[in-house]
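Thanks for asking me to look this model over with you.

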Amino acid sequence: MRAVVASEPGGPEVLNWAEVPDPVVGPSDVLLRVAAAGVNRADLLQRQGHYPPPAGASSVLGLECSGTVVAVGEKVTRWAVGDEVCALLSGGGYAELVAVDEGLVLSVPSGVSLVDSGGLPEVAATVWSNVFGAARLTAGETFLVHGGGGGIGTFAIQLAVARTARVFTTARGESHARLRELGAEVTIDYREGDFASVVRELGGADVILDNMGASYLAPNLDALAADGRIVVIGLQGGRKGELDLGKLMAKRGTIHGAGLRARPLRQRVSIVGEVESQVWPHIADGTVAPVVEAYIPMSEAAEAHARVEKGGHVGKVLLTL
């Protein structure tokens, strides 16, 4: 089969569309002929040599995909050859074929095309497990999501609104109109001001979803409401920061850090099951929809990475076959 491989750690130019061995299908695996794969910032980090795959995972990039089942392992019970599905992966999505445990495979949500569903599993699992699992966002609370224009941001805004939370977001100014269409009540250009003071004046945020890490640690704490929860899912602003523990204690705040890819299989299977039962209905009724910035042929993955790296897009960039 053909897949996107990196010749060495580096920029988008190191990505090549090349022949690699077909994946091995285990007893509990399904084999998918890939239709589309979502591009995530974790893929950029892996390409740069900063985010190696977990032990046993494919070294091919790609944490989510959609496709058609072409083979199943002997223990597989739910899926059959010919099913159109999408899947959460530990790697391998940027390829013609990918093998994945049947518990990480989801039905394509009603009303969504097979291609568009390729950009849903990673963002849906990330948002659900962190915002509604770890941080316990509930109806009526105020939710601040950083990077609102990205794949995770656009999905988080919609899902929080669907579950009747009040949503604030930071993003580039040129994306604000679109993010308000998705349901964000307050949009803040992170390049032009102090987001913490804006949020604080509006009562503070009960839950903050942060993709920046160290550089946003102090302002996130300033923006946090009493009994608030910060969930860190990215380190674009650095790994190490200074924390005012006195302020954290005074607010009775919580800071939670979480990744998804390296969790034990049973945890990821549980999250995928919850996504299908709790999140897919919001997509089926139209309150949440995929937001796709661009469709780019998988053989041109370098262009897709360059586009995501540049920023300014709204929603997902999908690689298609």
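1. How many residues apart in helix H3 are Trp128 and Phe132, and by about how much of a helical turn are they separated? They are 4 residues apart in H3 (residues 121-134), so about one helical turn separates them. Helices (H or I, at least four residues) and strands (E, at least two) are DSSP runs, numbered from the N terminus.

2. A word on the ground rules. This is a predicted model, in which local features need pLDDT of at least 70, side-chain atom pairs count only at pLDDT 80 or more, and totals for chains, interfaces and linings use all residues. Residues are numbered from 1 along each chain as its sequence is written, and side-chain values use heavy atoms, leaving out hydrogens and water.

3. Searching the whole structure turns up 2 aromatic pairs. In one, Trp128 and Phe132 are stacked, at 5.3 Å centre to centre with 20° between the planes. Rings of Phe, Tyr and Trp (its six-membered ring) pair if their centres lie within 6.5 Å; planes under 30 degrees apart count as stacked, over 60 as edge-to-face and the rest as tilted. Trp128 is buried at 9% relative accessibility, and Phe132 is buried at 12%. Here buried means under 20% relative accessible area, exposed over 50%, and partly exposed in between (1.4 Å probe, protein chains only).

4. Why is the pair of Phe195 and Tyr216 tilted? Their planes stand at 45°, with the ring centres 5.0 Å apart, so the pair is tilted. This pair links distant parts of the chain: Phe195 belongs to helix H6 (residues 195-201), while Tyr216 is in the loop between strand S11 (205-210) and helix H7 (217-223), 21 residues apart. Phe195 and Tyr216 are both buried.

5. The charged end of Arg163 sits over the ring of Phe132, 5.4 Å from its centre, and Arg261 lies over the face of Tyr51, 4.8 Å from the ring centre. The test is that NZ of Lys or CZ of Arg is within 6 Å of the ring centre and within 35 degrees of the ring normal.

6. Now find the open sheet of 6 strands, with parallel pairing in the order S10-S9-S8-S11-S12-S13. Strand S10 (186-188) and strand S13 (254-257) are the edges, each pairing on one side only. Two strands pair if DSSP finds at least two bridges between them. Strand S9 (residues 166-170) is joined to S10 by 3 bridges, and Thr169 stands opposite Thr187 in S10.

7. Which residues have the most contacts inside the largest nonpolar core? They are Leu32, Tyr94, Phe143, Phe155, Val275 and Trp280, in a core of 76 residues. The largest share of this core, 7 residues, comes from H3. Apart from it lies another core of 17 residues, including Phe168 and Ile230. A nonpolar core is a set of buried Ala, Val, Leu, Ile, Met, Phe, Trp, Tyr and Cys residues joined through side-chain atoms within 4.5 Å.

8. Finally, check two backbone angles. Thr164 has a positive phi near 60° though it is not glycine, and its place is in the loop between H4 and S9. Arg252, also not a glycine, has a positive phi of about 55°; Arg252 is in the loop between helix H8 (245-250) and S13.
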